[in-house]
Amino acid sequence: MTTAQPSSPPSGIIRISDHEFSTLVQFVHSKYGIDLSQKRLLIEGRLSQTLRNKHLSSFKEYLEILFHDKSGSEMTLLLNKITTNHSYFARENEHFDFLMQHILPYMEKTRKNRDLRTWSAGCSAGQEAYNIAMAYDQYFGARKTGWDTTILATDISQNVLGKARRAVYPSNNLTDVPPAWRQQYFKTLPSGDFQVCDKIRKEVVFKVFNLMDPFQFKKPFDIIFCRNVMIYFDAPTTERLINKFYEVTAPGGYLCIGHSEVINKDSTKYQYVMPAIYQRSER
Ligand SMILES: C[S@@+](CC[C@H](N)C(=O)[O-])C[C@H]1O[C@@H](n2cnc3c(N)ncnc32)[C@H](O)[C@@H]1O
């Protein structure tokens, strides 16, 4: 089996030994739930430059720095490197259609306090959360007065949250956005990029949050989006996370997951509604 190999200057890739690799895999899994066990090449590929920037020639030295860094900045840097944050507007649009046609009419009828609590968990650069805010604006229109529809959007990557707060996207992120929405909710910047309009931006609050941490929220959520995040996690981690979501879902509230993700129906209390949509019973 492979053991520590010296750095390999021609390709610029620094090799990670079996021991260093399993130490890193276990650490990231226990802290963030992310399963890197099949991602050796990705780790070497994405972190070699980081090591060189720090004038380190081995992962051994890097791990020592990572594990002893109390500031958290090394971990932040690592997370920015290893997470895949691909996202775009109107992704898995069936969710937004279902939201406007079924979930919102139900919420409008049942949430008498006009407080609609939504969480975009694993929000990446904010496309999903802004998309939800646009759907709310379309649905409520003038009836929105008196409703609090603020959306909480969280991610572990500081990097993507910075982008989310700026709300600036290249045009290829908007390919599937209907022209009317493009006109209504985005402004074109001189660079040719698009920025989400202020009315929608102020509906979303972005925060750093690790989904592996305990959930301590003041009130339960009516709608939780956690799409294309659990692809990172192994089955037991996913099952624990779904149970945690259930505990913070209000009666009658919904959970939307990615269409390539599955919830084992024998191990969840959510009721299946349609592909990638689940509901907590009303009582
Ligand atoms: C592929 S993006 C999905 C973005 C969006 N939900 C969508 O479907 O387009 C996955 C996001 O999950 C985040 N993530 C991964 N593990 C996480 C964890 N333990 N806690 C919070 N966010 C996490 C990543 O940083 C990444 O931004």
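Let's start with a pair of helices. The axes of α5 (residues 94–110) and α6 (residues 127–140) come within 10 Å, crossing at roughly 45°. That angle makes α5 oblique to α6, and α5 passes α6 in a right-handed crossing.

Who does the touching? On the α5 side, the contact is made by Phe 96, Leu 99, Met 100 and Leu 104. From α6 come Asn 131, Ala 135, Gln 138 and Tyr 139. Sort the residues in this contact by class and you get six nonpolar, two polar and no charged ones. Keep in mind that this is a predicted model.

## Two domains

Now zoom out. The chain splits into domain 1 (18–82) and domain 2 (94–279), and their C-alpha centres lie 30 Å apart. Domain 1 puts eight residues into the contact between the two, while domain 2 puts in 11.

On the domain 1 side, the elements giving two or more residues are α1 (18–32) and α4 (73–82). The largest share, three residues, comes from α4. By class, this side of domain 1 has three nonpolar, three polar and two charged residues.

## Around the ligand

So where does the ligand sit? Both domain 1 and domain 2 give residues to the shell around the ligand, so the ligand lies between them.

That shell has 25 residues, and the closest are Ser 87, Gly 122, Ser 124, Leu 211 and Arg 227. Split by class, the shell holds nine nonpolar, 12 polar and four charged residues.

Technical notes: Residues are numbered from 1 along each chain as its sequence is written. This is a predicted model: local features need pLDDT of at least 70, side-chain atom pairs count only at pLDDT 80 or more; totals for chains, interfaces and linings use all residues. A residue is near a molecule or strand if its C-beta atom, placed from the backbone, lies within 6 Å of it. Ala, Val, Leu, Ile, Met, Phe, Trp, Tyr, Cys and Pro count as nonpolar, Asp, Glu, Lys and Arg as charged, and the others, Gly among them, as polar. Domain bounds come from an automatic or database domain assignment. Axes are lines fitted to C-alpha atoms, for helices over the stretch in contact, and angles run from 0 to 180 degrees between N-to-C directions. Helices (H or I, at least four residues) and strands (E, at least two) are DSSP runs, numbered from the N terminus. Angles under 35 degrees count as roughly parallel, over 145 as roughly antiparallel, 65 to 115 as roughly perpendicular and the rest as oblique. A crossing is left-handed if the near helix is turned anticlockwise from the far one by less than a right angle, and right-handed if clockwise. Two residues are in contact if their C-beta atoms, placed from the backbone, lie within 7 Å.
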